[in-house]
Amino acid sequence: MSSGGLELPPGDSGHEGGPADAPGSAPAGAPAGVAAGAVSLAGGPAAGGNAGAGAELEWSAEAWSEVRTRAQRAGRAYIWLNLVEQRLRSVVGAVLRPIYEPVHGGDDWVVAAAGPAGQEWVQRAVAVREVSRRKGYLLDSADDNVLSFLTLPQLRELMVQHWPCFEPYFDDRREIELAMDELEVTRNVVSRNRALSRAVLEQAERASARLLEVLGGGAGSPAADRLPIDAVEDLVGDRYADVISVHPDRVRLQRQLPAEDLFGGARRLDAIGIGLNLLVQNFSGRRLVRLTEAGCRVRLLFLNPASSAVKRRERELGLRKGELSRSVEMNILHVRRVRAGLRDPSRFDIHVFDETPRFTAYLVEGESSGIAVVQSYLRRARGMESPVLVLRGGGGGRGVRKDAELGLFTTYREEFESVWEDSRPVS
């Protein structure tokens, strides 16, 4: 999901009958017939038609890299598919169990719900369950039921067969079926351990997130909607402190995380930088007024437009004398007008600092979670062109447990407070 989460290594890979099989030239060094960007393990002398005496068993570094790409993509897709299957299993059980269990009892209610059309696959699930029992594969007693052995297509079939029972809970049957159709391609590829293209993986992530939302398995809080935690961050987020995404520049950041999603719904907004253009130029004054009137505490820290640091920055960027300082002055005047329109201006503070600017940061905290957007200043690059880190704050939010002392959000929060103490208010 891009939601804006951690990205796995780039590269595309195809699968039989999928979108990655579209025509394209093969990359340099790839075997003939392999589509561009595909992950192919058909390497070695035997694949090239020059087989010697005996099989070629060794893999090169390139082959191992391809295998890791396959495994990483398949693993990420499997996480989403697993979440959807577990959520769908819960929904099917909650809706159909009260209808069939009082009459048929035990696990026979699943057999009855499947009916004659599903007799074959439900009996197969019963058989697999019995084998798992005998061989000790059931490690959790909660899984010792027939419903736990139904696959995603079978759960979907139960839902479709009994749609009148589900209709009171879900508005759009068509949306659910379309999302399930999109997931079926990915499920087929992952279950057979074939190569998964990046495009199909991203499609599966979008479909899974949409389906979980429709089935009531989403985050459920407005704060989390700004940048929802995806399945991969939930599992491996601690490996990257609290960094949840990295973007080469601010343009790509705003494609994934628009200003409205970043600042909307904030209860506390602290920002430090030269001109704070991400806020001032992308979030309207009226919206900022409404945000503050709704209870948000705002503290904005600009570089003093009359300081020598502004002049040095102008020389670094090759700007005309006074160009940057006028831009900062205009931004300060804009937020002063916003503050003047508030019923309680004390909740909206504007300060300036005279130190050398080292970074720009927007620390946004909601009811239960926080997000920070941080950029370092590069000598020859404007803020719009500088790399961006997005951090998860406020304890990591739902489902992600992080040590706050190891996170960057806390580091930049402390740095902001330090500069704020040495700054001067704007009247």
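Trainee: At what N to O distance do the side chains of arginine 413 and glutamate 365 meet in a salt bridge?

Mentor: Side chains of opposite charge can pair when their charged atoms come close. The term salt bridge is used for a side-chain nitrogen of Lys or Arg within 4 Å of a carboxyl oxygen of Asp or Glu. This is a predicted model, in which local features need pLDDT of at least 70, side-chain atom pairs count only at pLDDT 80 or more, and totals for chains, interfaces and linings use all residues. Residues are numbered from 1 along each chain as its sequence is written, and side-chain values use heavy atoms, with hydrogens and water left out. In the salt bridge between arginine 413 and glutamate 365, the N to O distance is 2.6 Å. Arginine 413 belongs to helix H16 (residues 408-421) and glutamate 365 to strand S5, so this pair ties together parts that are 48 residues apart in sequence. Helices (H or I, at least four residues) and strands (E, at least two) are DSSP runs, numbered from the N terminus.

Trainee: Are arginine 413 and glutamate 365 buried or exposed?

Mentor: Buried means under 20% relative accessible area, exposed means over 50%, and partly exposed lies in between (1.4 Å probe, protein chains only). Arginine 413 counts as buried because its relative accessibility is 11%. Glutamate 365 has a relative accessible area of 18% and is therefore buried.

Trainee: How many salt bridges does the structure hold?

Mentor: There are 29 salt bridges in the structure. One of them brings the side chains of aspartate 144 and arginine 133 together at 2.9 Å, N to O. This pair links distant parts of the chain, with arginine 133 in helix H3 (119-135) and aspartate 144, 11 residues away, in the loop between H3 and helix H4 (152-161). From C-alpha to C-alpha, aspartate 144 and arginine 133 are 8.1 Å apart in space. Aspartate 144 is partly exposed at 28% relative accessible area, and arginine 133 is partly exposed at 39%.

Trainee: How far apart in helix H7 are arginine 198 and glutamate 202?

Mentor: They are 4 residues apart in helix H7 (residues 198-214), so about one helical turn separates arginine 198 from glutamate 202. Their side chains form a salt bridge at 3.3 Å, N to O. Glutamate 202 has a relative accessible area of 32% and is therefore partly exposed.

Trainee: How many aromatic pairs does the structure hold?

Mentor: The structure holds 5 aromatic pairs. Phenylalanine 263 lies in helix H11 (residues 259-263) and phenylalanine 283 in the loop between helix H12 (277-280) and helix H13 (285-293), so the pair ties together parts that are 20 residues apart in sequence. Both phenylalanine 263 and phenylalanine 283 are buried. Phenylalanine 263 also forms an edge-to-face pair with tyrosine 362, at 5.9 Å centre to centre and 65° between the planes. That pair links distant parts of the chain, since phenylalanine 263 is in helix H11 and tyrosine 362 is in strand S5 (residues 359-365), 99 residues apart. Tyrosine 362 counts as buried because its relative accessibility is 1%. As to the cut-offs, rings of Phe, Tyr and Trp (its six-membered ring) pair if their centres lie within 6.5 Å, with planes under 30 degrees apart called stacked, over 60 edge-to-face and the rest tilted.

Trainee: What is the phi of asparagine 193?

Mentor: Most residues other than glycine have a negative phi. Asparagine 193, however, has a positive phi near 55°. Asparagine 193 is placed in the loop between helix H6 (173-191) and H7, and it is exposed because its relative accessible area is 62%. Leucine 276, which is not a glycine either, has a positive phi of about 55°. Leucine 276 sits in the loop between strand S2 (268-273) and H12, and at 2% relative accessibility it counts as buried.
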